[in-house]
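Work through the exercises below with the model open beside you. Try each task before you read its solution.

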Amino acid sequence: MIETKAPVAPERLAEAQSLLRRWDAQQTGFIRHRDLRFDSMVTVIRNICQNKKTRVLDLACGPGSLIELLLKSIPEIEIVGVDKDPLLIAIAHDVFGDDDRITLLEVDLDAPSWMDEISGEFDAVVSTTALHWLEPHILCRVYFEIADLIRPGGVFMNGDHLKYDGLSQSIFSEIAKQDDLDAQSASFDHGVDDWDQWWNVAEAVPAYSNAVAKRKEIWANKNNSTPKVTLGYHLETLRSAGFSQTGTVWQYLDDYVLAAFR
Ligand SMILES: C[S@@+](CC[C@H](N)C(=O)[O-])C[C@H]1O[C@@H](n2cnc3c(N)ncnc32)[C@H](O)[C@@H]1O
(Lines give C-alpha, C1' and ligand atoms only; values in the text may rest on other atoms or scores of the structure.)
Protein backbone atom coordinates (compact mmCIF):
# COMPACT_ATOMS: atom_id res chain seq x y z
CA MET A 1 0.00 0.00 0.00
CA ILE A 2 1.29 3.48 -0.87
CA GLU A 3 -0.31 6.29 1.06
CA THR A 4 1.48 9.48 1.97
CA LYS A 5 0.73 13.16 2.16
CA ALA A 6 4.34 14.36 2.06
CA PRO A 7 5.11 16.98 -0.63
CA VAL A 8 6.87 15.51 -3.66
CA ALA A 9 10.19 17.03 -4.82
CA PRO A 10 9.60 19.45 -7.73
CA GLU A 11 11.68 17.51 -10.31
CA ARG A 12 9.95 14.26 -9.43
CA LEU A 13 6.53 15.93 -9.61
CA ALA A 14 7.40 17.37 -13.05
CA GLU A 15 8.53 13.94 -14.28
CA ALA A 16 5.36 12.26 -13.01
CA GLN A 17 3.16 14.97 -14.54
CA SER A 18 4.95 14.59 -17.85
CA LEU A 19 4.38 10.82 -17.77
CA LEU A 20 0.71 11.40 -17.00
CA ARG A 21 0.37 13.80 -19.98
CA ARG A 22 2.09 11.25 -22.24
CA TRP A 23 -0.18 8.52 -20.84
CA ASP A 24 -3.24 10.61 -21.69
CA ALA A 25 -1.99 11.12 -25.26
CA GLN A 26 -1.20 7.40 -25.60
CA GLN A 27 -4.62 6.35 -24.26
CA THR A 28 -6.39 8.87 -26.49
CA GLY A 29 -4.63 7.17 -29.40
CA PHE A 30 -6.61 4.04 -28.53
CA ILE A 31 -9.81 5.82 -27.50
CA ARG A 32 -10.68 8.54 -29.97
CA HIS A 33 -13.22 10.28 -27.69
CA ARG A 34 -11.69 9.57 -24.28
CA ASP A 35 -12.37 13.14 -23.14
CA LEU A 36 -16.10 12.87 -23.94
CA ARG A 37 -16.27 9.58 -22.11
CA PHE A 38 -14.72 11.21 -19.03
CA ASP A 39 -17.01 14.26 -19.33
CA SER A 40 -20.14 12.12 -19.33
CA MET A 41 -18.98 10.39 -16.14
CA VAL A 42 -18.35 13.72 -14.40
CA THR A 43 -21.79 14.98 -15.50
CA VAL A 44 -23.53 11.98 -13.92
CA ILE A 45 -21.57 12.26 -10.65
CA ARG A 46 -22.27 15.99 -10.40
CA ASN A 47 -25.94 15.35 -10.99
CA ILE A 48 -26.36 12.74 -8.28
CA CYS A 49 -24.22 14.63 -5.75
CA GLN A 50 -25.52 18.19 -6.35
CA ASN A 51 -22.50 20.05 -4.89
CA LYS A 52 -22.49 17.92 -1.73
CA LYS A 53 -19.28 16.30 -0.57
CA THR A 54 -18.67 13.42 -2.96
CA ARG A 55 -16.81 10.17 -2.37
CA VAL A 56 -15.56 8.23 -5.41
CA LEU A 57 -13.72 4.93 -5.87
CA ASP A 58 -11.76 4.58 -9.15
CA LEU A 59 -11.15 0.92 -10.02
CA ALA A 60 -7.89 0.35 -11.97
CA CYS A 61 -7.15 4.07 -11.92
CA GLY A 62 -3.78 3.83 -13.71
CA PRO A 63 -1.64 6.96 -13.24
CA GLY A 64 -4.72 9.00 -12.35
CA SER A 65 -6.24 10.63 -15.46
CA LEU A 66 -9.84 10.46 -14.29
CA ILE A 67 -8.84 11.34 -10.72
CA GLU A 68 -7.24 14.53 -12.06
CA LEU A 69 -10.40 15.51 -13.93
CA LEU A 70 -12.64 14.72 -10.94
CA LEU A 71 -10.47 16.93 -8.71
CA LYS A 72 -10.75 19.82 -11.16
CA SER A 73 -14.49 19.35 -11.69
CA ILE A 74 -15.74 18.61 -8.15
CA PRO A 75 -13.72 20.45 -5.47
CA GLU A 76 -15.59 18.88 -2.51
CA ILE A 77 -14.44 15.38 -3.30
CA GLU A 78 -12.61 12.46 -1.73
CA ILE A 79 -11.22 9.81 -4.09
CA VAL A 80 -9.82 6.35 -3.50
CA GLY A 81 -7.86 5.08 -6.51
CA VAL A 82 -6.86 1.43 -6.77
CA ASP A 83 -4.72 -0.35 -9.32
CA LYS A 84 -2.69 -3.52 -9.54
CA ASP A 85 0.31 -1.93 -11.27
CA PRO A 86 2.95 -0.61 -8.82
CA LEU A 87 4.49 1.72 -11.41
CA LEU A 88 1.20 3.37 -12.35
CA ILE A 89 0.32 3.77 -8.66
CA ALA A 90 3.79 5.21 -7.98
CA ILE A 91 3.30 7.80 -10.74
CA ALA A 92 -0.17 8.68 -9.41
CA HIS A 93 1.32 8.91 -5.96
CA ASP A 94 3.86 11.48 -7.17
CA VAL A 95 1.23 13.46 -9.09
CA PHE A 96 -1.24 13.67 -6.17
CA GLY A 97 1.09 12.86 -3.23
CA ASP A 98 0.37 15.87 -1.01
CA ASP A 99 -3.36 16.09 -1.78
CA ASP A 100 -5.38 15.00 1.26
CA ARG A 101 -8.40 14.24 -0.89
CA ILE A 102 -6.70 11.25 -2.52
CA THR A 103 -5.90 7.76 -1.26
CA LEU A 104 -4.04 5.41 -3.58
CA LEU A 105 -3.84 1.67 -3.02
CA GLU A 106 -2.08 -1.14 -4.82
CA VAL A 107 -4.94 -3.60 -5.24
CA ASP A 108 -5.49 -6.60 -7.50
CA LEU A 109 -9.17 -6.94 -8.40
CA ASP A 110 -8.53 -10.59 -9.22
CA ALA A 111 -7.84 -11.24 -5.53
CA PRO A 112 -10.95 -11.96 -3.43
CA SER A 113 -9.37 -9.84 -0.66
CA TRP A 114 -9.17 -6.68 -2.84
CA MET A 115 -11.63 -4.72 -0.66
CA ASP A 116 -9.79 -5.38 2.62
CA GLU A 117 -8.28 -1.88 2.78
CA ILE A 118 -11.37 -0.10 1.49
CA SER A 119 -13.95 1.13 3.94
CA GLY A 120 -17.05 3.32 4.03
CA GLU A 121 -19.72 4.08 1.46
CA PHE A 122 -19.17 5.70 -1.94
CA ASP A 123 -21.40 7.98 -3.99
CA ALA A 124 -19.80 6.64 -7.14
CA VAL A 125 -17.58 3.79 -8.19
CA VAL A 126 -16.00 4.36 -11.60
CA SER A 127 -13.59 2.67 -13.96
CA THR A 128 -12.16 3.45 -17.40
CA THR A 129 -10.48 1.26 -20.00
CA ALA A 130 -9.73 -1.41 -17.46
CA LEU A 131 -12.48 -3.86 -16.57
CA HIS A 132 -12.18 -5.60 -19.95
CA TRP A 133 -8.93 -7.01 -18.51
CA LEU A 134 -10.92 -9.07 -15.98
CA GLU A 135 -12.14 -12.57 -16.75
CA PRO A 136 -15.97 -12.67 -16.85
CA HIS A 137 -16.35 -14.58 -13.56
CA ILE A 138 -14.07 -12.07 -11.79
CA LEU A 139 -15.99 -9.14 -13.30
CA CYS A 140 -19.23 -10.70 -12.06
CA ARG A 141 -17.79 -11.06 -8.54
CA VAL A 142 -16.52 -7.47 -8.54
CA TYR A 143 -19.94 -6.17 -9.66
CA PHE A 144 -21.64 -7.96 -6.76
CA GLU A 145 -19.01 -6.63 -4.35
CA ILE A 146 -19.22 -2.99 -5.42
CA ALA A 147 -23.00 -3.04 -5.12
CA ASP A 148 -22.43 -3.17 -1.35
CA LEU A 149 -19.98 -0.24 -1.44
CA ILE A 150 -22.34 2.25 -3.13
CA ARG A 151 -24.94 4.24 -1.18
CA PRO A 152 -28.60 4.11 -2.21
CA GLY A 153 -28.99 6.52 -5.14
CA GLY A 154 -25.27 6.26 -5.92
CA VAL A 155 -23.84 5.08 -9.21
CA PHE A 156 -21.37 2.72 -10.81
CA MET A 157 -19.97 3.73 -14.21
CA ASN A 158 -17.68 1.84 -16.52
CA GLY A 159 -16.19 3.62 -19.54
CA ASP A 160 -14.65 0.99 -21.76
CA HIS A 161 -14.36 -0.69 -25.12
CA LEU A 162 -16.87 -3.55 -24.94
CA LYS A 163 -17.19 -6.51 -27.25
CA TYR A 164 -19.79 -6.56 -30.01
CA ASP A 165 -21.37 -9.99 -30.41
CA GLY A 166 -19.06 -11.62 -32.97
CA LEU A 167 -21.90 -13.59 -34.62
CA SER A 168 -24.94 -11.32 -34.63
CA GLN A 169 -22.98 -8.04 -34.81
CA SER A 170 -20.03 -8.86 -37.05
CA ILE A 171 -20.64 -5.77 -39.23
CA PHE A 172 -20.69 -3.51 -36.16
CA SER A 173 -17.55 -5.19 -34.98
CA GLU A 174 -15.68 -4.60 -38.26
CA ILE A 175 -16.65 -0.92 -38.36
CA ALA A 176 -15.47 -0.39 -34.78
CA LYS A 177 -12.24 -2.28 -35.44
CA GLN A 178 -11.45 -0.17 -38.52
CA ASP A 179 -12.19 3.04 -36.65
CA ASP A 180 -9.82 1.96 -33.85
CA LEU A 181 -7.07 1.29 -36.38
CA ASP A 182 -7.65 4.69 -38.04
CA ALA A 183 -7.54 6.50 -34.67
CA GLN A 184 -4.39 4.63 -33.66
CA SER A 185 -2.53 5.41 -36.86
CA ALA A 186 -3.61 9.09 -36.69
CA SER A 187 -1.83 9.26 -33.32
CA PHE A 188 0.95 6.72 -33.34
CA ASP A 189 2.16 7.50 -36.87
CA HIS A 190 2.55 11.13 -35.82
CA GLY A 191 4.76 10.99 -32.76
CA VAL A 192 2.40 10.00 -29.93
CA ASP A 193 3.81 7.17 -27.78
CA ASP A 194 2.16 3.84 -28.42
CA TRP A 195 1.65 1.42 -25.50
CA ASP A 196 5.16 -0.11 -25.60
CA GLN A 197 6.89 3.24 -26.15
CA TRP A 198 5.13 4.75 -23.14
CA TRP A 199 6.17 1.84 -20.91
CA ASN A 200 9.76 2.06 -22.15
CA VAL A 201 9.91 5.73 -21.20
CA ALA A 202 8.29 5.21 -17.77
CA GLU A 203 10.36 2.15 -16.91
CA ALA A 204 13.58 4.04 -17.68
CA VAL A 205 12.97 6.62 -14.92
CA PRO A 206 15.50 5.71 -12.17
CA ALA A 207 13.19 6.83 -9.34
CA TYR A 208 10.74 4.07 -10.30
CA SER A 209 13.20 1.16 -10.51
CA ASN A 210 11.69 -0.68 -7.51
CA ALA A 211 8.17 -0.32 -8.87
CA VAL A 212 9.36 -1.53 -12.27
CA ALA A 213 10.91 -4.67 -10.77
CA LYS A 214 7.71 -5.35 -8.84
CA ARG A 215 5.46 -4.84 -11.87
CA LYS A 216 7.50 -7.30 -13.92
CA GLU A 217 6.86 -9.98 -11.31
CA ILE A 218 3.18 -9.13 -10.94
CA TRP A 219 2.40 -9.16 -14.64
CA ALA A 220 4.49 -12.17 -15.69
CA ASN A 221 2.23 -14.01 -18.18
CA LYS A 222 -0.88 -12.22 -16.93
CA ASN A 223 -2.11 -9.48 -19.20
CA ASN A 224 -5.01 -10.65 -21.30
CA SER A 225 -6.49 -7.25 -22.12
CA THR A 226 -8.84 -8.35 -24.92
CA PRO A 227 -12.49 -7.35 -24.30
CA LYS A 228 -14.35 -10.51 -23.32
CA VAL A 229 -18.02 -9.70 -22.81
CA THR A 230 -20.79 -7.67 -24.41
CA LEU A 231 -22.73 -4.70 -23.08
CA GLY A 232 -25.58 -7.12 -22.33
CA TYR A 233 -23.40 -9.14 -19.97
CA HIS A 234 -22.43 -6.01 -18.03
CA LEU A 235 -25.99 -4.72 -17.71
CA GLU A 236 -27.55 -8.06 -16.76
CA THR A 237 -24.85 -8.77 -14.21
CA LEU A 238 -25.25 -5.34 -12.63
CA ARG A 239 -29.04 -5.79 -12.43
CA SER A 240 -28.52 -9.18 -10.79
CA ALA A 241 -26.09 -7.59 -8.35
CA GLY A 242 -28.87 -5.31 -7.09
CA PHE A 243 -28.56 -2.11 -9.14
CA SER A 244 -32.04 -0.73 -9.78
CA GLN A 245 -31.50 0.92 -13.18
CA THR A 246 -28.82 0.15 -15.73
CA GLY A 247 -28.06 1.56 -19.16
CA THR A 248 -25.63 3.62 -21.21
CA VAL A 249 -24.95 7.31 -20.70
CA TRP A 250 -22.56 7.63 -23.67
CA GLN A 251 -21.54 5.57 -26.71
CA TYR A 252 -19.29 5.84 -29.74
CA LEU A 253 -19.26 2.58 -31.75
CA ASP A 254 -18.05 -0.09 -29.27
CA ASP A 255 -16.82 2.48 -26.78
CA TYR A 256 -19.35 2.97 -23.98
CA VAL A 257 -19.99 4.52 -20.64
CA LEU A 258 -22.45 2.27 -18.90
CA ALA A 259 -24.13 3.32 -15.70
CA ALA A 260 -25.88 1.42 -12.93
CA PHE A 261 -27.79 3.19 -10.15
CA ARG A 262 -28.29 1.75 -6.66
C1 LIG B 1 -5.47 0.83 -20.02
S2 LIG B 1 -5.16 1.06 -18.33
C3 LIG B 1 -6.38 2.28 -17.86
C4 LIG B 1 -5.97 3.07 -16.66
C5 LIG B 1 -6.90 4.25 -16.29
N6 LIG B 1 -8.16 3.76 -15.79
C7 LIG B 1 -7.12 5.16 -17.47
O8 LIG B 1 -8.22 5.20 -18.00
O9 LIG B 1 -6.17 5.84 -17.85
C10 LIG B 1 -5.77 -0.45 -17.61
C11 LIG B 1 -5.52 -0.50 -16.12
O12 LIG B 1 -6.13 -1.62 -15.54
C13 LIG B 1 -5.27 -2.06 -14.50
N14 LIG B 1 -5.64 -3.43 -14.17
C15 LIG B 1 -5.73 -4.49 -15.00
N16 LIG B 1 -6.07 -5.60 -14.32
C17 LIG B 1 -6.23 -5.23 -13.03
C18 LIG B 1 -6.57 -5.93 -11.85
N19 LIG B 1 -6.80 -7.24 -11.85
N20 LIG B 1 -6.64 -5.24 -10.70
C21 LIG B 1 -6.39 -3.90 -10.67
N22 LIG B 1 -6.04 -3.19 -11.76
C23 LIG B 1 -5.96 -3.84 -12.92
C24 LIG B 1 -3.89 -1.92 -15.12
O25 LIG B 1 -2.86 -1.96 -14.16
C26 LIG B 1 -4.03 -0.57 -15.79
O27 LIG B 1 -3.75 0.48 -14.93
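Helices (H or I, at least four residues) and strands (E, at least two) are DSSP runs, numbered from the N terminus. This is a predicted model: local features need pLDDT of at least 70, side-chain atom pairs count only at pLDDT 80 or more, and totals for chains, interfaces and linings use all residues. Residues are numbered from 1 along each chain as its sequence is written, and side-chain values use heavy atoms, with hydrogens and water left out.

**Exercise 1. Two residues in a loop**

Task: Find the loop that holds His 190. Then decide whether His 190 is buried or exposed.

Solution: 
- Step 1. Look between helix H6 (170-188) and helix H7 (195-203); His 190 lies in that loop.
- Step 2. Learn the classes: buried means under 20% relative accessible area, exposed over 50%, and partly exposed in between (1.4 Å probe, protein chains only).
- Step 3. His 190 has a relative accessible area of 64%, so it is exposed.
- Step 4. Turn to Asp 193, which is found in the loop between H6 and H7. Its relative accessibility is 11%, so Asp 193 counts as buried.
- Step 5. Check for a polar contact, a pair of N or O atoms within 3.5 Å; within protein, one must be able to donate a hydrogen and the other to accept it, and residues adjacent in sequence count only if both atoms are side-chain atoms. The side chains of Asp 193 and Arg 22 are joined by one of 2.8 Å.
- Step 6. Go back to His 190: its side chain reaches the backbone oxygen of Ala 186 at 3.1 Å.

**Exercise 2. A buried aspartate**

Task: Which residue's side chain makes a polar contact with the side chain of Asp 85?

Solution: 
- Step 1. The side chain of Arg 215 is the partner, at 2.7 Å.
- Step 2. The side chain of Asp 85 also reaches the backbone nitrogen of Leu 87, at 2.8 Å.
- Step 3. List contacts (heavy atoms within 4.5 Å). Neighbours within four places in sequence aside, Asp 85 is in contact with Trp 199, Arg 215 and Trp 219.

**Exercise 3. The nonpolar cores**

Task: Which residues touch the most other members of the largest nonpolar core?

Solution: 
- Step 1. Define the set: buried Ala, Val, Leu, Ile, Met, Phe, Trp, Tyr and Cys residues joined through side-chain atoms within 4.5 Å.
- Step 2. The largest such core has 44 residues, and Ile 45, Leu 70, Ile 91, Met 157 and Tyr 208 touch the most other members.
- Step 3. Helix H4 (residues 86-96) gives the most to this core: eight residues.
- Step 4. A second, separate core has 34 residues, including Leu 59, Val 80, Ile 150 and Leu 162.
- Step 5. Return to Tyr 208. Beyond its neighbours within four places in sequence, its contacts include Leu 87, Ala 90, Ile 91 and Asp 94.

**Exercise 4. Around the ligand**

Task: How many residues surround the ligand? Then work out how the shell divides.

Solution: 
- Step 1. Use the cut-off: a residue is near a molecule if one of its heavy atoms lies within 4 Å of it.
- Step 2. The count is 21, and the closest are Trp 23, Arg 34, Ala 60, Asp 83 and Thr 128.
- Step 3. Sort by type: Ala, Val, Leu, Ile, Met, Phe, Trp, Tyr, Cys and Pro count as nonpolar, Asp, Glu, Lys and Arg as charged, and the others, Gly among them, as polar. The shell has ten nonpolar, five polar and six charged residues.
- Step 4. An N or O atom in the side chain of Trp 23 is 2.8 Å from an oxygen atom of the ligand. For Arg 34, a polar side-chain atom lies 2.9 Å from a ligand oxygen atom.
- Step 5. A polar backbone atom of Lys 84 is 3.2 Å from a nitrogen atom of the ligand.
- Step 6. Taken alone, the ligand exposes 600 Å², and the protein buries 97% of that. These areas come from the Shrake-Rupley method with a 1.4 Å probe; for residues, only the protein chains shown count as cover.

**Exercise 5. Arg 32**

Task: Which side chains make polar contacts with the side chain of Arg 32?

Solution: 
- Step 1. Arg 32 lies in the loop between helix H1 (10-30) and H2.
- Step 2. Its relative accessible area is 34%, so Arg 32 is partly exposed.
- Step 3. One partner is the side chain of Asp 179, at 2.9 Å. Another is the side chain of Tyr 252, at 3.5 Å.
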